[in-house]
Amino acid sequence: MKNILITGGAGFIGSNFIKLLLEERDYNVFNLDLMSYAGNPDNLLPFVDFGNYKFYKGDIADFKLVSEIMYKEEIDSIINFAAESHVDRSIQNSYPFMHSNVEGTLNLLNIAKQFKLTKFLQISTDEVYGSASSGETFDENSNLQPNSPYSSSKASADLFVRSYYKTHSVPAIITRSSNNFGPNQYPEKLIPLVITNALEGKKIPVYGTGENIRNWIYVEDNCRAILECFEKGKEGEIYNIASGNELDNLTLIKSILRIIGKSEDLIEFVEDRLGHDLRYSINSDKIRNSFNWDEKYNFHPALEKTINWYLENKIWLQNLKERTNFSEFYKTLYRVD
Ligand SMILES: NC(=O)c1ccc[n+]([C@@H]2O[C@H](COP(=O)([O-])OP(=O)(O)OC[C@H]3O[C@@H](n4cnc5c(N)ncnc54)[C@H](O)[C@@H]3O)[C@@H](O)[C@H]2O)c1
């Protein structure tokens, strides 16, 4: 594998993954991103000086465009990060999720088949397994029971990936990770939302009673796990990626407020998200045993590192807010004033 097409590389995880690739490997990296609201030009700035990096703006569902890139750059593998990724937005309007997550993935699979790629890595999520009851943990063979339009679109894409492996021998692998946090994350997601609101002394909306439980993985740990799967993973296999950090939203929010030195009075309980999954929990023994992968970061030091990143990169947030009508959208999303 030499020439890799990374899709969605202007987003949160994709940009962290490209950083890792450019710093630690010598692949030629081609980044295709639609630059939706979540595609951030500032995330791309660290890559401009690398001669083995090139950016293309466009839609993964555009067969002609992707084919042209494949020919021109002699792409031999694809890692598909591109997606609509926010559950709340999928509840407001599911169609963009159908387009990017399902049609987009299907288009890339057809391209992978036509161009006889050596590897196709689909980036998926633990949310496809649905909500876990207390004590329950899902492994790679567990049923898919997605509950939100977002997770349904990701599960649909996973099933297309499986079918293209079985039917057309596309050399596909799927990774399903738990919730990521770290630099470059759009502040509609829980951790950067809490950090940025707390830093600005704004209220922090908490859905329902804040008892929802998530497993949190530092983005660099997930990126290293994805790289292992890309380089050593077995075709047709699925790898769950999670850390040992499971905690409820309210505990997480209080930890952030404590680190930043802000009062818990900023917490404001708001009407719960529709169909809100109570708990996600996946077993990641397979990737740990297959590749000796382990997370490098403990949760609290990684959380402090993330908070420091937002403190040191205020211009990143300022630019983002100037580009988008962030505050209006934020109000409709979380129903707060
Ligand atoms: N963030 C998490 O905690 C998490 C956890 C598990 C899995 N995932 C998965 O990881 C992937 C990346 O997530 P993220 O948090 O970085 O998302 P993100 O929203 O930050 O970035 C997504 C990127 O994809 C681009 N994009 C969207 N539609 C596109 C299209 N049709 N064509 C080309 N580009 C398009 C956007 O412009 C953006 O740059 C997604 O597939 C997501 O489902 C995320």
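The ligand is surrounded by 31 residues, the closest being Gly8, Gly11, Ala38, Gly39 and Ala83; a residue counts as near if its C-beta atom, placed from the backbone, lies within 6 Å of the molecule. This is a predicted model, in which local features need pLDDT of at least 70 and side-chain atom pairs count only at pLDDT 80 or more, while totals for chains, interfaces and linings use all residues. Residues are numbered from 1 along each chain as its sequence is written.

Among the elements that each supply at least two residues of the ligand shell are helix H1 (12-24) and strand E2 (28-33). H1 gives the most, with three residues. Helices (H or I, at least four residues) and strands (E, at least two) are DSSP runs, numbered from the N terminus.

The domain assignment, automatic or from a database, gives domain 1 (3-180 + 216-241) and domain 2 (183-214 + 245-279 + 298-331). Their C-alpha centres lie 25 Å apart. Contact (C-beta atoms, placed from the backbone, within 7 Å) involves 20 residues of domain 1 and 19 residues of domain 2. H1 also gives the most to the side of domain 1 that touches domain 2, with three residues.

The table gives residue classes, with Ala, Val, Leu, Ile, Met, Phe, Trp, Tyr, Cys and Pro as nonpolar, Asp, Glu, Lys and Arg as charged, and the others, Gly among them, as polar.

| Region | Nonpolar | Polar | Charged |
|---|---|---|---|
| Side of domain 1 that touches domain 2 | seven residues | 11 residues | two residues |

Helix H8 (residues 219-232) is largely enclosed by the rest of the structure, because 10 of its 14 residues are buried (20 or more other C-beta atoms within 10 Å of their own, C-beta atoms being placed from the backbone). The buried residues include Val219, Cys223 and Phe230.

How values were computed:
A residue is buried if 20 or more other C-beta atoms lie within 10 Å of its own, exposed if 12 or fewer, and partly exposed in between; C-beta atoms are placed from the backbone. Two residues are in contact if their C-beta atoms, placed from the backbone, lie within 7 Å.
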